[in-house]
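Here is a short note for a colleague who has not looked at this structure before. Please read it with the model open.

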Amino acid sequence: MTQYVKGVANPDLSVISETLADRYRAGVGSRTHWLTYHLHKGRVTEFGEALIQALASCEYRLPGLGERLVDDLIDTGYTPAAQDPAAWRAGFQQLLQKFAEILVLRVLVEAPWPAGANFRHEPANPNTGRRPELAVELEERVYLFEVKCPSLVDHQAARGANARQIPARSALGDALRAKPDPNDPVTWPRDNVLKDFLESADGKFSGFSAKETIGVLVVFWDAYVYEPISALIYPRSGLLTEQSFYQVNGVRVPFDAVDGVIVMNHLAVLHAGAQEQGHAHRPGYFRLDHVDGGLPNVWCQNIGGKRLDAFLMQALDAIPVEDAEPAEYRPHEFIMWINLPD
């Protein structure tokens, strides 16, 4: 799918929105599916309206994209939780991944790109055949984007139950692993997940074009963003540092085609919206505007990586991680959780 994106500030998307909603309804038919409640004809929820508006914006600016994304939503398998809890959970994780892709695609196609930008959704890398989420080609360079949304259910449960947490690999973590205390379990890093995401993005970006490329991995997380940040930039083991724990024959794996990672603290927003719980700091669900003290996303740059353009940083509501002041944005080696009485 290749297209020059239409540039209209506030187009009327009502007809496209209804067409896409009807496409979803027709695709799922009479069966219960993930969004049959949110997109019920004549009774669309606030979250459903936000989703369909995002899809309509994608369809308007890149014809065929909104339809493709609706078809992906239809194809996301649904199993009732009462019938098979594990299958339900797996399907919900797939749904969250698709929501993350829709949000990022919407933001990128609406961004103020230079004139002549050419967009390709899931283009094949000519060398590897692997497909990044989006390629945006300008005359002098190509921007490549990959979107990843981890499954955090088990990790969130451990985080809520365990008093001790090791967000990044360290000597202290090694010592705790060597002498585990069954009465005082530890929540371990999710750094292998980040490693896998980086490997995947690197394979999709590497050798994509003869032009200069800028490769951006976007990773969704919940409010505990110190976890991916620690895995990426903790000085003694972070994947984007010289001391990365991921090495082959004693040599750091550099992920050279990935210039950096946007850590997006939006997963809880999508999760809450899908359950009609709302979210105080990011009420748009499929937008990145935040209010009432909401915190921005962050850009973690790879060693030797190219800087991300200011207009893209603004569109992705991101700041360099080194400029982030709250403690949630600093890499941590050890955390002790204390439960205080209400």
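The points below take up helix packing, strand pairing and a few single residues.

1. Basis of the note. This is a predicted model, in which local features need pLDDT of at least 70, side-chain atom pairs count only at pLDDT 80 or more, and totals for chains, interfaces and linings use all residues. Residues are numbered from 1 along each chain as its sequence is written, and side-chain values use heavy atoms, with hydrogens and water left out.

2. Helices α1 and α3. Helices (H or I, at least four residues) and strands (E, at least two) are DSSP runs, numbered from the N terminus. The axes of α1 (residues 14-28) and α3 (residues 65-75) cross at roughly 30 degrees and come within 9 Å; axes are lines fitted to C-alpha atoms, for helices over the stretch in contact, and angles run from 0 to 180 degrees between N-to-C directions. The two helices α1 and α3 are therefore roughly parallel to each other (angles under 35 degrees count as roughly parallel, over 145 as roughly antiparallel, 65 to 115 as roughly perpendicular and the rest as oblique).

3. Residues between α1 and α3. On the α1 side, Leu20, Arg23, Tyr24, Gly27 and Val28 meet Gly66, Glu67, Val70, Asp71, Leu73 and Ile74 of α3, where contact means heavy atoms within 4.5 Å. By class, this contact of α1 with α3 has six nonpolar, two polar and three charged residues (Ala, Val, Leu, Ile, Met, Phe, Trp, Tyr, Cys and Pro count as nonpolar, Asp, Glu, Lys and Arg as charged, and the others, Gly among them, as polar).

4. Helices α4 and α9. The axes of α4 (residues 85-110) and α9 (residues 267-274) come within 10 Å, with a crossing of roughly 115 degrees. Phe92, Leu96, Phe99 and Ala100 in α4 meet Leu267, Leu270, His271 and Ala274 in α9. The residues of this contact of α4 with α9 divide into seven nonpolar, one polar and no charged.

5. Strand β7. Eight of the nine residues of β7 (residues 212-220) are buried, so this strand is largely enclosed by the rest of the structure; buried means under 20% relative accessible area, exposed over 50%, partly exposed in between (1.4 Å probe, protein chains only). β7 pairs in the parallel sense with β4 (residues 141-148) over eight bridges, and Glu146 stands opposite Leu217 in β7. β7 also pairs in the parallel sense with β10 (residues 260-264) over five bridges, and Val263 in β10 is the bridge partner of Val219. Two strands pair if DSSP finds at least two bridges between them.

6. The three-stranded sheet. An open sheet with mixed pairing has its strands in the order β6-β5-β13. β6 (186-187) and β13 (335-336) stand at the edges with a single partner strand each, so one side of each is left without a neighbour in the sheet. β5 (residues 164-165) and β13 run antiparallel, joined by two bridges, with Arg164 partnered by Met336 in β13.

7. Single residues. Asp191, in helix α7 (residues 191-205), counts as buried at 4% relative accessibility. Leaving aside neighbours within four places in sequence, Asp191 is in contact with Arg169, Ala231, Leu239 and Phe245. Phe255 lies in the loop between β9 (251-252) and β10; its phi is near 50 degrees, a positive value in a residue other than glycine. Phe255 is buried, with a relative accessible area of 2%.
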